[in-house]
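Colleague: Could you walk me through this model before I plan my afternoon around it? I would like to start with the core.

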Amino acid sequence: MEGRGHPFLPSASKRHQQSSQMKRSIPFEIFRYAAILAAIAVTLVPILWMVSMAFKPIGEWSATGAELTWWPKHPTLANFQFVFGESANDLIVALDHTALKPILSSLLSAVFGTVIAMSAGTAAAYGLSRFGSGQNLPLALIQLRLFPPMAVMIPVMIMWSFLNFNDSWWGLALIYGIVTLPFAFWLMKTFFDDMPREIEEAALVEGCSRLRVFTRITLPMMRAPLASAALFVFILNWSDYLIALLLTTREWVTIPVYMASLSSSMTGQLYGAKAALGLIAAVPPVIMGIAIQRHLVRGLTFGALKQ
Amino acid sequence: MSTALATPALRDEGARLGFRLTLPAQILVLFISAFPLLMQLYISVTDWSPLSGLGWWNAWEMWNSFANYTDLAADGRFWSALKRTVIVMVVCVPAEFLLGLALATLFADDFPGKRIFYSILLMPMMVVPAVAGYMFFMLFQSGGPVNDILSAIMGGPVTIAWLSDPTLALIAVMIADIWQWTPLMFLILLAGLVGVPQDQIKAATLLGANPWQRFTSIVLPKMKTIIIIALAIRVIENFKIFDTLYIMTGGGPGVATETISVYIYKVTTQDLIWGYVAAIALAILVVLSIVAVFAMKCMARARQVPA
């Protein structure tokens, strides 16, 4: 079994090979698999229900007067077509605007929010890690993370309307950049702290300026950690609902805000359409999250734990 | 830094660069904390509202001599929202902790299928919270899958209106929170569990300690800081609970699931008395700042322990 461990997975096998040789009883193994499979079932049911709902025609959305359909009997793409504004025969309502703009809004605000957080965060992390500048930042940024967004939104809403940032993707990008700055900063700080300094020092001896060392040597070497941190920050920005709910009203609503508004007086809840949209919103972060599994612990604990 | 590089010129260059690198982050932090805080403090002693026709800087014309703070002390809806937030926290965080710890224990050594199970179990925390809210909104419909499963177990039709019953709605939102955030506990606790030195466990085994004794007298003490971090993170995040809950119930039926964030959101967007909201927000910020200092101390202590 040794050597088969997941490269990213915390595993006892590499450091303590004895442990995997400890005899486990068969009843224990049965119990283990039963418990894990039960947990997997609970984990997957809500997700699969939404996937199933996204492909169901309107007649199968609810169980009124019929058996509940767990899996679509007549799978259809009508829900996806509907949210993108194509007429679907059995949905009589038309949308006053399609999901295209909200998807664009979510993308633009999350991407540029990530750019802001990562630029400011990486620079500051390097400044603190190498030169001891900005000693106040670690605590200030953790405090920033601690406060419920709801408790600081009044001034933000006033400032944003003063700056004419309301209902715009750039206004969202700016606040996202600030809200996720703590994660960008802490992640990059621990990466810089862990990085061996010999190469940087060698370049300094060669006569490179410190700024040149940072931009030409350190940053290229840190490409992989930078990418992981950026994905982590992107997921957080993409996941926001509350801030977009307060700062966007019509033109630049993001996917979750748009999704919540999708219901009509004629059909009530548009289950299938919402599920299709939910699926579109849920897929990118899940894939990215699995891609950066090995850094999740570090990111979520502000570098306190490095896995 | 080696002595050859500790020349005054290089040190000065480093200090200058460090200052410039940390500047953007400092500006962003200042931009989102200092000025908004003063603004919030100012507005909180007035009756100002965005509908009042006055610019916020003229709010002094509506000075109400701290009436917002005395109102807050007597605001039953605020206190019951706070109580509800604490109830949700007291139920959810320990449940997530215990489930996460149990799962982590099952994953402590290697077994076939470990990596795929691990990836699946982490998925809920990567689902956009608003989408997770919508998933559970669908699951708990009276004609939805939860009742369908219950019908199968009970052998008769079950049509519980989960989200329209005050108690059941609160239970439903707590289930959603536990579903989404148990994986985070699992992830962090597993990282901690793997770091527990195996030789001590082996020694204890040789001395005749049973698994339960090994767990309580070696594993748990070794994981103390990690457990504190995991709990601190969930307490902080759980206190902010909004997205899933608001999508599922909107704080209803009535105010049955109204937590602090939902309450502030409603006062902000429906009642529009922003002077009062500023007072509530400041009260919360003060309390949380005290918690922040405490949490920071825990984090700082944990970081000295190599994970």
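Modeller: By nonpolar core I mean a set of buried Ala, Val, Leu, Ile, Met, Phe, Trp, Tyr and Cys residues joined through side-chain atoms within 4.5 Å, where buried is under 20% relative accessible area, exposed is over 50% and partly exposed lies in between, with a 1.4 Å probe and protein chains only. This is a predicted model, in which local features need pLDDT of at least 70 and side-chain atom pairs count only at pLDDT 80 or more, while totals for chains, interfaces and linings use all residues. Residues are numbered from 1 along each chain as its sequence is written, chains are lettered from A in the order in which they are written, and side-chain values use heavy atoms, with hydrogens and water left out.

Colleague: Okay, which residues touch the most other members of the largest nonpolar core?

Modeller: Those are Phe107(B) and Leu189(B), in a core of 202 residues. Its largest share, 18 residues, comes from helix α7 (residues 166-194) of chain B, helices being DSSP runs of H or I with at least four residues, numbered from the N terminus. Domain 1 (1-36) and domain 2 (75-303) of chain B each supply at least three residues to this core, with the bounds taken from an automatic or database domain assignment.

Colleague: How far apart do the C-alpha centres of those two domains of chain B lie?

Modeller: The C-alpha centres of domain 1 and domain 2 of chain B are 38 Å apart.

Colleague: Back to Phe107(B), what is it in contact with?

Modeller: Leaving aside neighbours within four places in sequence, Phe107(B) contacts Ile36(A) from chain A, and also Lys114(B), Phe117(B), Tyr118(B), Leu121(B), Phe186(B) and Leu190(B), contact meaning heavy atoms within 4.5 Å. Phe107(B) also belongs to an aromatic cluster with Tyr33(A), Phe111(B), Phe117(B), Tyr118(B) and Phe186(B). For such pairs, the ring centres of Phe, Tyr or Trp (its six-membered ring) lie within 6.5 Å, and planes under 30 degrees apart count as stacked, over 60 as edge-to-face and the rest as tilted.

Colleague: And how many aromatic pairs are there over all chains?

Modeller: The count by this rule is 31.

Colleague: Which lysines lie over the face of a Trp?

Modeller: Lys56(A) lies over Trp49(A), 4.1 Å from the ring centre, and Lys101(A) lies over Trp252(A) at 4.5 Å. The rule asks for NZ of Lys or CZ of Arg within 6 Å of the ring centre and within 35 degrees of the ring normal.

Colleague: Changing topic, how many disulfides turn up over all chains?

Modeller: Zero, from a search of the whole structure for pairs of cysteine sulfur atoms within 2.5 Å.

Notes:
Helices (H or I, at least four residues) and strands (E, at least two) are DSSP runs, numbered from the N terminus.
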